[in-house]
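My notes follow the display.

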Amino acid sequence: MWADTVEDQDWTWDNVLPFYKKSVSFHPPDYSKINPQFDIQYNESVLSPPGGPIQLSYGNHMFDYGLALQDGFEKIGIAAINGSNAGSLIGYGPQTATLNPVGATRESSKTSFLEFAMQNTNIKIYQKTTAKRILFNGNKEATGVVVEMQGIHPTAQYTLSTRREVIVSAGAFHSPQLLMVSGIGPRATLEDLNIPLVAESEGVGQNMWDQPWISLAYKTTYETQTQIILNNPNITAAAVNQYLTNQSGPLAGIGGGESVGWEKLPFPSRASLSNTTLALLSRFPSDWPEIELDPLAYSPAPDNVSSTDHYITAGACLVAPLSRGNMTIASNDTNDHPVIDPAWMTHPGDIEMMVQAFKRVREWVDASGIAIEAYEPSVDVMTDAQIVEWIRDNGSLIYHPTSSCAMGPSSNPSAVLDPHARVRGVTGLRVVDASAFPFCPPGHPMATVYMLAEKIADYISRGE
């Protein structure tokens with residue numbers, strides 16, 4: 001779908017898979033620390049040979065409730081898949097994470113790419129420094145960035161000049177902000193703020209995708225992280241000791257993800273969707289899931305929770321959302337927050353789907369047998385109207401905004417970037433982060449951010 005949307009076959013799955021693989025070094029599950037009953041299935045071909053420097057694993061602990069939830073998936077018609085890293089998501093399986101199992105520590109772009117670059121290259125890092133605007137010459141070529149150093153008085157501004165190009169990687173909210181304060185964006189917005197127009201681009205800050213989320217909390221017979229979060233001294237001390245001595249136990253895992261499922265809503269759930277919503281969903285590919293079902297080893301708990309009680313979150317996420325958000329600016333100063341309208345579930349089709357996702361969570365939990373009682377919401381939330389009210393009061397997010405500087409073909413007037421992530425209307429400027437996605441892919445977008453960065457770095461290295 002990406003290749004078709006941007007009209008460039010360089011973005012087919014086969015052509016981007018090498019760049020997904022390039023960033024990570026995969027560690028198979030360690031069954032001396034993970035219950036071997038999980039019998040984790042994965043497609044080794046998409047995870048080898050080892051790349052790097054990001055360490056990818058299943059962590060060093062999985063809670064046993066995950067086995068019951070796997071059984072629950074089977075009972076509600078969701079079948080196991082051979083891992084979630086091979087480009088096919090419909091089904092269920094454990095989730096990989098950027099966690100180094102050697103020390104059971106979280107991996108990030110800082111612990112991997114940045115620290116490697118600091119130790120092995122002449123990279124220069126300007127700490128406590130904010131980009132204020134991109135500079136252009138008379139030919140609309142990016143020549144540098146005005147930056148501001150924090151922590152000194154008066155605040156100092158200076159220019160970092162480029163010999164090749166400027167790359168913006170400030171995320172789905174701040175990348176479009178930086179473009180707009182630099183004169184690239186909707187004409188009306190820039191004129192209202194007296195920002196000189198460098199290149200009119202109506203798509204800057206528009207087309208924002210996100211994946212809204214709901215969390216249902218249950219009391220369970222299975223061990224979770226409840227007592228650790230409540231700082232139960234005996235349980236916490238034992239967990240800390242396991243972690244420090246053997247990098248195992250409940251602090252050495254992901255904190256969820258033992259069994260994650262994706263599906264297109266089945267019948268009879270699908271029969272509850274309007275014809276309009278069904279028609280819009282039919283535009284997604286046949287293998288694109290619509291909802292994700294995901295457990296977390298922590299959840300809200302009542303004030304009177306006992307020292308032996310455990311609670312779990314069973315959540316649902318819309319991964320084929322129909323609502324689109326946007327962002328704009330209130331001034332020409334990047335120190336002022338951008339104005340963000342995420343527009344979560346403003347499309348009536350998203351409400352329809354989330355109601356059915358809510359019901360699927362309940363079906364899944366009931367089928368698994370893990371719940372003693374529903375805590376939040378209670379079983380009294382039953383009718384569609386009650387569920388909608390609860391969703392509007394309790395819906396949340398999982399921080400997956402994308403596509404606010406979307407790439408696309410030259411025939412699309414809203415495309416901010418070309419398929420090589422170059423900003424249209426100027427030269428010497430690219431945007432390389434989740435804002436560049438033409439849409440938010442199903443699943444979680446972090447791996448796709450790394451893939452995008454690797455692929456654009458390849459283009460740059462080849463002079464493209």
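I call a residue buried under 20% relative accessible area, exposed over 50%, and partly exposed in between (1.4 Å probe, protein chains only). This is a predicted model: local features need pLDDT of at least 70, side-chain atom pairs count only at pLDDT 80 or more, and totals for chains, interfaces and linings use all residues. Residues are numbered from 1 along each chain as its sequence is written, and side-chain values use heavy atoms, without hydrogens and water.

**Helix 10**

I took helices (H or I, at least four residues) and strands (E, at least two) as DSSP runs, numbered from the N terminus. Helix 10 covers residues 348–368. It is mostly covered, with 16 of its 21 residues buried. I checked its length: at 1.5 Å a residue the span should be 30 Å, and the end C-alpha atoms are 31 Å apart, which agrees. The expected span is 1.5 Å times one less than the number of residues. Gly369 follows helix 10, with a positive phi near 75°.

**Sheet 6-7-8**

I count two strands as paired if DSSP finds at least two bridges between them. Three strands form an open antiparallel sheet in the order 6-7-8. Strand 6 (129–136) and strand 8 (156–161) are the edges, each pairing on one side only. Strand 7 (residues 142–149) and strand 8 pair over six bridges. Which residue of strand 8 is the bridge partner of Val146? I found Thr159.
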